[in-house]
Amino acid sequence: WRGCAVTGYRNPQMLLASHIKPWRDSNNEERLDKFNGLLLLANIDKAFDLGFISFDDGGKVMISKDLESPEVLGLDESMSFNIMREHKHYLGYHRGVLFKGL
């Protein structure tokens, strides 16, 4: 990734490797699939893991109305990342199961 998938921030001490489809819900093949992962800043990772944000099939961030003051966390609806076709399956799972909705 060479930095956060969304922001490009590069300091590895602030970045977390995040599974799109959680480890607990994935089979062994999915757990090791590089397309079932995103490198994210810690605040974005937390919001993603808790389902307060997700990404559409174009890579654009989706922010749940349940997330109070997303701008305080540095989140806004203009954020996106360069999605690859192989991410779409996992992002579909994330939106359908984990995302708290718009």
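**Reading helices, core and rings**

User: Which residues are buried in α3?

Analyst: Tyr90, Leu91, His94 and Leu98 are the buried residues of α3. They lie on the same side of α3, because they cover an arc of only 100 degrees around the axis. The arc is taken from the directions that run from the helix axis to the C-beta atoms. Buried means under 20% relative accessible area, exposed over 50%, and partly exposed in between, with a 1.4 Å probe and protein chains only. Helices (H or I, at least four residues) and strands (E, at least two) are DSSP runs numbered from the N terminus.

User: What kind of model is this, and how are residues numbered?

Analyst: The model is predicted: local features need pLDDT of at least 70, side-chain atom pairs count only at pLDDT 80 or more, and totals for chains, interfaces and linings use all residues. Residues are numbered from 1 along each chain as its sequence is written, and side-chain values use heavy atoms, leaving out hydrogens and water.

User: Which residues are exposed on the other side of α3, and what do its buried residues pack against?

Analyst: His89 and Gly96 are exposed on the other side of α3. The buried residues of α3 pack against α1, α2 and β3; contact means heavy atoms within 4.5 Å.

User: Which residues of α2 are buried?

Analyst: In helix α2 (residues 42-49), Ile44, Asp45, Ala47 and Phe48 are buried. Their arc around the axis is only 165 degrees, which puts them on the same side of α2. These buried residues of α2 pack against β1 (15-19), β2 (37-41), β3 (53-55) and α3 (88-98). After α2 comes Gly51, with a positive phi near 80 degrees.

User: How many residues does the largest nonpolar core have?

Analyst: In soluble globular proteins, nonpolar side chains tend to be buried together. A nonpolar core is a set of buried Ala, Val, Leu, Ile, Met, Phe, Trp, Tyr and Cys residues joined through side-chain atoms within 4.5 Å. Here the largest one has 24 residues, and Ile44, Ile53 and Phe55 have the most contacts inside it. At least two residues of this core come from each of β2, α2, β3, β4 (61-63) and α3. β2 gives the largest share, four residues. Not counting residues up to four places away in sequence, the residues that Ile53 touches include Ile44, Phe48, Leu75 and Phe99.

User: How many aromatic pairs does the structure hold?

Analyst: There are two aromatic pairs. Rings of Phe, Tyr and Trp (its six-membered ring) pair if their centres lie within 6.5 Å; planes under 30 degrees apart count as stacked, over 60 as edge-to-face and the rest as tilted. Phe48 and Phe55 make a tilted pair, 5.8 Å centre to centre with 45 degrees between the planes. Phe55 and Phe81 make an edge-to-face pair at 5.1 Å and 90 degrees. Phe55 is in strand β3 and Phe81 in the loop between β4 and α3, so this pair ties together parts 26 residues apart in sequence. Phe48, Phe55 and Phe81 form one aromatic cluster.

User: Is Phe81 buried or exposed?

Analyst: Phe81 counts as buried, because its relative accessibility is 3%. Phe55 is buried too, with a relative accessible area of 0%.

User: Where does the charged end of Lys21 sit?

Analyst: A charge sits over a ring if NZ of Lys or CZ of Arg is within 6 Å of the ring centre and within 35 degrees of the ring normal. The charged end of Lys21 sits over the ring of Tyr93, 4.8 Å from its centre. Lys100 lies over the face of Phe52, 5.2 Å from the ring centre.
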